[in-house]
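I opened the notebook to look up a few features of one chain. The entries follow in the order I made them.

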Amino acid sequence: MKPMRTERLILRNWEDRDRDLFHRINSDEQVMEFFPFRRDRAQADAKMDELRGVTDRDGYGFAAAEIIATGECIGFVGITGTEHMPFLPAGTVEIGWRLAPEFWGKGYVTEASEAWLAHDFETLGLGEIVSFAVYDNHRSTPSCNASP
Ligand SMILES: CC(C)(COP(=O)(O)OP(=O)(O)OC[C@H]1O[C@@H](n2cnc3c(N)ncnc32)[C@H](O)[C@@H]1OP(=O)(O)O)[C@@H](O)C(=O)NCCC(=O)NCCS
């Protein structure tokens, strides 16, 4: 994908220097509270490689978010196909996010989501983008309402 800039963030494909952070957001109990799995380092590395491949192939995906001012990777915000969810209509595209806890509460997901939605509507032309969360995951639902 071509990197995108927002006011505070760069949205870009994954790099090897992100592996520690990516493992942490896939294994941390607070981050993964509503997920039925945890990934060890090997599983996280494999998942990052998979996301990187999809993002290269499609030009969009669950991309890394990096703070411009510090160069820190904070997690991911992106859009992706849902082929692995057969209960959704074919062609459904979802928007999703997962940040390390120290970056919560700063509006980064809202900012990045707005950029992704604008990129879709103005450039990609994928049409409707859906988002869903576990019912009790209240931290995730306000971001679902992000719109450009
Ligand atoms: C879901 C998750 C990404 C939400 O993170 P977040 O930091 O709350 O989301 P945002 O970046 O949109 O920030 C919004 C919050 O920042 C605050 N904020 C601070 N500065 C802000 C700014 N400049 N602009 C917008 N919001 C700002 C808002 O008030 C809001 O806080 P509130 O919910 O207490 O009112 C995060 O909790 C997470 O990674 N959870 C674990 C993974 C997960 O559950 N993912 C979703 C699965 S469906």
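How many aromatic pairs does the structure hold? I am working from a predicted model, and I find three aromatic pairs in it.

I looked up Phe35 and Phe37. Their ring centres are 5.9 Å apart and their planes stand at 75°, so I log the pair as edge-to-face. Phe35 has 29% relative accessibility and therefore counts as partly exposed. Phe37, at 29%, is also partly exposed.

I then checked Phe62 and Phe76. This pair is stacked, with 4.9 Å from centre to centre and 20° between the planes. Phe62 belongs to strand β3 and Phe76 to strand β4, so the pair ties together parts 14 residues apart in sequence. Are these two buried or exposed? I note both Phe62 and Phe76 as buried.

Back to Phe35. The charged end of Arg98 sits over its ring, 4.5 Å from the centre.

Next, the sheet. I read it as open, with six strands in the order β1-β2-β3-β4-β5-β6 and mixed pairing. The edge strands are β1 (4–5) and β6 (129–130), each pairing on one side only. Strands β1 and β2 (residues 9–12) run antiparallel and are joined by two bridges. Arg5 stands opposite Ile10 in β2.

Which helix lies across the strands? I have α3 (residues 108–124) across β1, β2, β3, β4, β5 and β6, at about 35° to β4.

Last, Val54. I place Val54 in helix α2 (residues 41–58). Leaving aside residues up to four places away in sequence, Val54 touches Gly59, Tyr60 and Thr80.

How values were computed:
Residues numbered from 1 in each chain as written. Predicted model: local features only at pLDDT ≥ 70, side-chain atom pairs only at ≥ 80, totals over all residues. Heavy atoms only, no water. Pairing = 2+ DSSP bridges. Helix = DSSP H or I, 4+ residues; strand = E, 2+ residues; numbered from the N terminus. Contact = heavy atoms within 4.5 Å. Axes fitted to C-alpha atoms, helices over the stretch in contact; angles between N-to-C directions. Phe/Tyr/Trp six-rings, centres within 6.5 Å; stacked < 30°, edge-to-face > 60°. Buried < 20%, exposed > 50% of the residue type's maximum accessible area, 1.4 Å probe, protein only. Lys NZ or Arg CZ within 6 Å of the ring centre and 35° of its normal.
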